[in-house]
Amino acid sequence: MIAFILRRLVASIGVLIAVGLIAFAMFRYVGDPVNQMVGIETSVQERAQLRKQLGLDDPTIIQAARFLIHAARFDFGVSYQFKQPVADLIGARMPATLELAFMASILSLAAGIPMGVYNALHRDSALARAFQAVSLIGISLPTFLIGILLIYLFAVVLGWLPSFGRGDVVQIGSWWTTGLLTASGLKSLIMPAITLALFQMTLIMRLIRAEMLEVMRSDYIRFARARGLSERAIHFRHALRNTLVPVITVIGLQLGSILAFSIITETVFAWPGMGQLFLQSIQNADIPIMAAYLLLIALMFVLINLIVDLVYAVVDPRLRVPLNRAQA
Amino acid sequence: MTPPLLSVRDLKVEFATRKGPLVALHGVSFDIAPGEVLGVVGESGAGKSLTGLAIIGLLDPPGRIAGGEILLAGERIDNLPPAKMRDIRGRRIGIIFQDPMTSLNPLMRIGDQIAETIMAHKSLPRREAKRGAIAWLAEVGIPSPEKRIDAYPHEFSGGMRQRVVIALALCAEPSLVIADEPTTALDVSVQAQIISVLKNLTRRHGAAVMLITHDIGVIAETADRVAVMYAGGIAETGDIHEVVRDPLHPYTQGLMAAIPTLEVSARRLAQIPGAMPRLSAIPPGCAFAPRCPKAFARCAMRPPLIAVGDRQAACWLYEHALAGADART
Amino acid sequence: MTEIAGGGEGASGPDRRLVARLEESDLLASFLASKITVAAGAVTIVLFLAALFAPWIAPTDPFNPAANYLSDSLDPPSFIAGGDSRFLLGTDDQGRDVLSAILYGLRVSLAIGFCGVALGAAIGIGLGLISGYSGGWIDSIIMRIADVQLTFPAILIALLLDGVAHAALKAESRDESAFAVLVVSIGLSFWVQYARTVRASTMVEKNRDYVLAARLIGLSHARILIAHILPNVMGPVMVIATISLALAIITEATLSFLGVGLPPTEPSLGTLIRIGQNYLFSGEWWIVAFPSLTLAALVLAVNLLGDWLRDALNPRLK
């Protein structure tokens with residue numbers, strides 16, 4: 001078990017370093033850092049001096065190592081556009097994105113799992129068919145379309161919910177701002193959270209449904225039925241538990257992709273989060289922010305993957321015991 | 001004569017397909033006496049497993065019972081509502097499936113699986129049920145049962161798992177156990193052990209066994225009576241020793257002739273020419289007629305199971321026994 | 001122990017399997033059986049044809065700036081009061097006919113979708129074949145890269161590639177190369193699924209008798225891969241391709257919506273929606289509504305077809 005954890009840790013660090021090197025390559029070689037940073041009037045000598053100052057003349061390996069070490073300390077340099085430390089810019093926007101992602105995750109799980117289970121157990125009921133239709137729409141419509149549709153319905157036509165921004169936020173501690181403590185904050189959160197959650201929710205629902213149907217067809221379920229266990233016991237004590245275990249990994253990974261899709265949602269709703277910052281950086285070729293975002297996302301994904309693997313190893317007894325202990 | 005424990009009368013099973021209903025069992029009839037071991041033998045595809053599944057009510061759609069009756073201790077069980085059938089499963093009829101690797105829930109401890117079965121049929125507190133589970137593990141011959149109670153299925157070998165499966169099938173003390181190819185998926189060295197565990201346990205608890213297999217050798221050593229199935233119907237039933245020594249049905253005769261023995265040195269193994277037809281291609285009339293060396297004109301009509309003494313054969317060669325019975329009544 | 005052996009089925013030849021499975025699965029029957037699937041098929045064909053013949057059926061050419069008059073801008077659809085009969089679905093802020101813009105946008109969206117899928121499939125199938133056939137360290141490296149890439153959602157990868165290209169190219173050439181950049185981004189973000197499936201099938205096929213026979217005759221590895229193994233692994237690839245077509249269309253639309261895809265001078269459906277969102281509150285709903293409907297219909301239809309195809313070719317659902 002320990003060996004397993006260690007191996008996963010090493011693999012994760014490897015991925016991070018790989019991504020870090022890619023980020024470094026972007027940072028250093030896409031466009032010219034010095035020319036991006038200075039105005040047109042700056043003389044050639046001043047540029048050369050700046051270059052030396054930034055260590056851009058050092059061997060590549062040293063530059064790469066320096067980049068990685070700085071990154072490990074969350075020091076990503078200064079933004080070309082805003083002339084501020086990237087870490088500060090991202091930090092200011094992180095609470096908005098994290099809150100949104102968190103609410104969307106909870107929503108997608110709270111709705112997706114029950115719907116999936118219901119669909120598997122009552123396959124031909126009218127409600128199940130309705131769920132299937134909803135899931136098809138959820139999977140087919142691009143996130144931004146759903147967002148626009150919601151805005152049109154609830155902001156333009158009905159006027160119930162605000163169509164952009166985060167509402168009033170409350171500062172907690174030195175860094176975090178939350179919109180959960182104000183009425184306008186909560187109202188602003190509703191549509192973006194639903195938009196972000198819909199795709200994941202339908203994925204989870206379909207996954208659980210498919211997995212549960214598969215489990216219900218398995219031999220041990222048949223044997224449980226043959227032993228006269230009640231349908232309730234079969235559905236919930238056997239089938240549901242066996243469905244959730246393999247699905248945990250996928251769900252965890254899906255939650256990671258909520259972070260990716262938040263870029264879209266933030267754009268539709270003008271939500272002041274990291275995703276919006278990243279998009280602006282792309283449009284304005286602000287490489288430091290792009291590189292930092294890439295690394296941060298990689299970190300989060302790697303962390304999520306690691307946690308999911310660990311959880312799976314704990315929950316599935318087959319992974320806990322090395323297989324050669326089977327007795328004859 | 002004691003009334004039979006299980007009585008299957010003219011059981012018909014069919015599958016609904018896009019091209020119309022497909023008849024899988026054409027009218028299967030046999031009895032099982034209390035405590036007796038009936039071997040049901042036949043090739044893959046003959047319908048043995050289907051019969052077992054129909055009896056315990058586990059036919060998956062599109063399969064369904066289309067006719068006939070199944071009586072357990074004199075009462076019909078083929079037309080019961082699902083809730084009543086659930087009571088019968090495990091408590092009065094148990095079943096063992098072929099593959100021990102997949103019969104057990106991999107994420108649940110062995111002891112819990114046995115305990116929940118006991119508790120589903122007897123209202124015992126969990127502690128009692130757990131003690132019962134330990135006792136059953138000991139009965140099927142698993143060493144250190146108090147410790148193994150908390151083990152997971154993947155920590156056991158195939159043979160051990162099948163023992164657990166047997167314990168699970170018997171722990172609610174059914175009067176009939178259907179064993180569907182219980183040893184086919186096991187190593188040869190382990191097969192004999194499992195058969196003996198099954199036989200000893202059922203004898204000790206007074207349960208009858210319907211032993212389904214394609215292995216005549218197992219039947220010969222374990223069963224009291226045998227039913228030979230072919231292409232969705234019964235070809236012959238009778239006492240195992242009599243059937244082996246003096247088979248009535250030409251199919252059974254062909255089977256017995258095909259078994260090589262140590263005494264006779266033959267250069268080629270005897271074979272029944274042709275192959276058993278698939279369910280979708282069963283000819284009208286006697287299903288065996290196309291391959292039968294003794295076929296004659298009468299075989300164009302499907303023969304019923306004809307009683308010949310205390311044996312039965314579905315063959316027109318014994319039509320005189322029918323007439324004889326009529327004449328006597 | 002003595003056993004009764006049943007009659008065995010003859011092993012079917014390798015190349016006949018796909019055809020046999022197609023026949024057995026009653027592909028046409030199951031297609032016609034579901035009204036929804038037929039409707040989806042009809043919608044898809046209509047949209048494909050509309051896109052194909054856009055230059056001929058569009059009333060105006062929205063990409064020709066000379067043909068647009070700003071005086072015509074923001075006209076509502078012709079069937080609403082205040083509408084101009086020339087513009088069936090209204091005009092946008094540049095005076096472009098929305099209907100024509102949709103047709104041309106559809107064309108571009110579908111073109112990128114198909115090219116992206118083709119590229120992804122080509123890369124994926126190629127790498128999958130090589131990976132499955134060679135085994136060893138080549139296989140390990142390719143699969144390791146695939147695993148790392150799979151930890152990130154495709155949209156993110158596409159966005160990143162698009163972004164890097166955006167930043168790397170000078171501003172003037174960004175617009176022209178948008179098409180190529182999008183195709184490459186989508187292709188590179190989607191290859192992994194093809195590679196994995198093809199690799200699995202290849203690993204199964206490479207041990208079959210006909211491959212061994214071909215090697216004995218002395219056929220080169222490349223020839224074996226392309227002429228023999230490839231046709232037999234195409235089955236699941238078809239299903240993936242259909243599903244990833246919908247994904248590719250959505251990805252391109254999303255990237256365009258975010259402003260890093262096709263520019264307003266050569267708008268795809270996503271770009272049109274982006275432009276239209278700005279006018280949602282001021283009442284010019286048609287600019288966003290009709291492209292949205294078209295996009296939604298397209299993706300829904302393709303997804304339904306993909307679902308049907310997957311169910312129809314799945315032997316286990318019989």
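Start by selecting strand S1 (residues 6-17) and strand S4 (residues 63-72) of chain B: the two pair in the antiparallel sense over eight bridges. Keep in mind as you look around that this is a predicted model. For one pair to zoom in on, pick Lys12(B), whose bridge partner in S4(B) is Gly67(B).

**The eight-stranded sheet of chain B**

Next, move along to another open sheet in chain B, this one with eight strands in the order S6-S7-S8-S3-S9-S10-S12-S11 and mixed pairing. Strand S6 (93-96) and strand S11 (306-308) of chain B stand at its edges with a single partner strand each, so each has one side without a neighbour in the sheet. From one strand to the next, the twist averages 20°.

Here is a walk through part of that sheet:

- Select strand S3 (residues 37-41) of chain B, which runs parallel to S9(B) and is joined to it by four bridges. Gly39(B) stands opposite Val226(B) in S9(B).
- Step on to strand S9 (residues 225-230) of chain B, which runs antiparallel to S10(B), with six bridges between them. Here Val228(B) is found opposite Glu236(B) in S10(B).
- Look at the turn of the hairpin that S9(B) and S10(B) form: there are two residues between the strands, and Ala231(B) in the turn has a positive phi of about 45°.
- Go on to strand S12 (residues 311-313) of chain B, paired with S10(B) in the antiparallel sense over two bridges. In this pairing, Glu236(B) stands opposite Ala313(B) in S12(B).

Is strand S10 (residues 233-239) of chain B largely enclosed or left open? Six of its seven residues are buried, so S10(B) is largely enclosed by the rest of the structure.

**Zoom out to all of chain B**

The C-alpha trace of chain B spans about 65 × 50 × 45 Å along its principal axes, and 46% of the chain's 329 residues count as buried.

**The nonpolar cores**

Hop over to chain A and select Ala291(A) and Leu294(A), which touch the most other members of the largest nonpolar core, a set of 158 residues. The element that gives the most to this core is helix H10 (residues 221-258) of chain C, with 17 residues. Beyond its neighbours within four places in sequence, Ala291(A) is in contact with Ala23(A), Met26(A), Phe27(A) and Phe76(A).

**Where chain A meets chain C**

For the last stop, show chains A and C together: 32 residues of chain A are in contact with 32 residues of chain C. Among the elements of chain A that give two or more residues to this side are helix H1 (2-29), helix H10 (231-268) and helix H12 (287-315). Colour the chain A side by class and you'll find 26 nonpolar, six polar and no charged residues.

Methods
Residues numbered from 1 in each chain as written. Chains lettered and ligands numbered in written order. Predicted model: local features only at pLDDT ≥ 70, side-chain atom pairs only at ≥ 80, totals over all residues. Contact = placed C-beta atoms within 7 Å. Nonpolar A, V, L, I, M, F, W, Y, C, P; charged D, E, K, R; others polar. Buried ≥ 20, exposed ≤ 12 C-beta atoms within 10 Å, placed from the backbone. Pairing = 2+ DSSP bridges. Core = buried A, V, L, I, M, F, W, Y, C linked by C-beta atoms within 7 Å. Axes fitted to C-alpha atoms, helices over the stretch in contact; angles between N-to-C directions.
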